[in-house]
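Please consider the sequence and structure shown below. The paragraphs that follow lead from single residues to the chain as a whole.

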Amino acid sequence: MLDEGLFEQVGEVVRGSAPRDLGELRLMVRRTGVKAWFGDAAPHREHYEAQVINADIVTAAREFAVEIGFHAEHPKAADNDAALERLTTRQDRWRPALGDDAVAGPFIGPANWRRVSELWLDPDLADGDIAFEIGVRLVDYMTALEPLRRTP
């Protein structure tokens with residue numbers, strides 16, 4: 001069962017762990033996830049996210065999965081493809097930090113969105129360390145990808 005405060009705790013871990021040199025961190029916490037981005041107050045179409053996804057969408061899960069990583073959610077698929085290409089062409093720079101579980105490709109959901117993220121299938125959300133583990137992993141994505149997103 002999902003703890004009502006789980007993603008508030010994840011947000012606090014991210015807030016305390018994200019490198020300051022990436023810019024001003026913004027967070028949007030929901031019951032089932034947290035979005036994070038740098039800069040403007042308005043949520044960005046390109047952001048980092050940790051969220052619970054039901055097994056009807058992630059069929060490899062028995063009940064649910066937690067997705068952790070980067071999303072490009074522009075209205076136009078071409079903009080999302082460009083955001084993903086900036087990262088995939090430099091995969092040699094981020095793959096050592098993120099490992100083979102990081103999938104670069106179509107989003108889990110709307111077909112025109114893109115992602116670099118991983119899925120944790122049916123994790124124990126009652127584990128006392130899970131908020132820390134999710135938050136630290138989300139910061140791993142920020143640290144590995146954000147500098148590459150900013151360079152042409």
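Leucine 98 is in contact with Glu118, Arg137, Asp140, Tyr141, Ala144 and Leu145, when its neighbours within four places in sequence are left aside; contact here means heavy atoms within 4.5 Å. This leucine has its place in helix α3, where helices (H or I, at least four residues) and strands (E, at least two) are DSSP runs, numbered from the N terminus. Leucine 98 is buried, with a relative accessible area of 3%. Between leucine 98 and leucine 145 lie 47 residues of sequence separation, and their C-alpha atoms are 9.5 Å apart in space.

The model is a predicted one, in which local features need pLDDT of at least 70 and side-chain atom pairs count only at pLDDT 80 or more, while totals for chains, interfaces and linings use all residues. Residues are numbered from 1 along each chain as its sequence is written, and side-chain values use heavy atoms, with hydrogens and water left out.

Leucine 145 itself touches Tyr48, Phe70, Leu87, Trp94, Leu98 and Val116, not counting residues up to four places away in sequence. Leu145 is also listed, with Tyr48, Trp94, Val116 and Met142, among the residues with the most contacts inside the largest nonpolar core, which has 35 residues. A nonpolar core is a set of buried Ala, Val, Leu, Ile, Met, Phe, Trp, Tyr and Cys residues joined through side-chain atoms within 4.5 Å. At least two residues of this core are supplied by each of α1 (6-17), β2 (33-38), β3, β4, α2 (77-88), α3 (91-98) and α4 (130-150). Helix α4 gives the largest share, 10 residues.

A second, separate core of 6 residues includes Ile53, Ala55, Val58 and Ala61. Within it, valine 58 sits in the loop between β3 (46-54) and β4 (64-72). Is this valine buried or exposed? Valine 58 is buried, at a relative accessible area of 6%. Apart from neighbours within four places in sequence, valine 58 is in contact with Ile53, Ala65, Ile108, Leu119 and Leu121.

Aspartate 122 lies in the loop between β6 (114-121) and α4 and counts as buried, at 17% relative accessibility. Its phi is positive, about 50 degrees, although aspartate 122 is not a glycine. Most residues other than glycine have a negative phi. Threonine 32, in the loop between β1 (25-30) and β2, is partly exposed, with a relative accessible area of 30%. The C-alpha atoms of threonine 32 and valine 52 are separated by 5.5 Å, although these residues are 20 apart along the chain.

Turning to the whole chain, the secondary structure comes to 4 helices and 6 strands, which follow the pattern α-β-β-β-β-α-α-β-β-α along the sequence. The radius of gyration is 15 Å, close to the 15 Å that the globule rule gives for 152 residues, so the protein chain is as compact as a globular protein of that length. This radius is taken over C-alpha atoms, and the globule rule is 2.2 Å times the number of residues to the power 0.38. Taken along the principal axes, the C-alpha atoms fill a box of roughly 40 × 35 × 30 Å. Of the 152 residues, 47% count as buried. Among contacts between residues at least 6 apart in sequence, 57% join residues at least 24 apart.

Note on methods: Buried means under 20% relative accessible area, exposed over 50%, partly exposed in between (1.4 Å probe, protein chains only).
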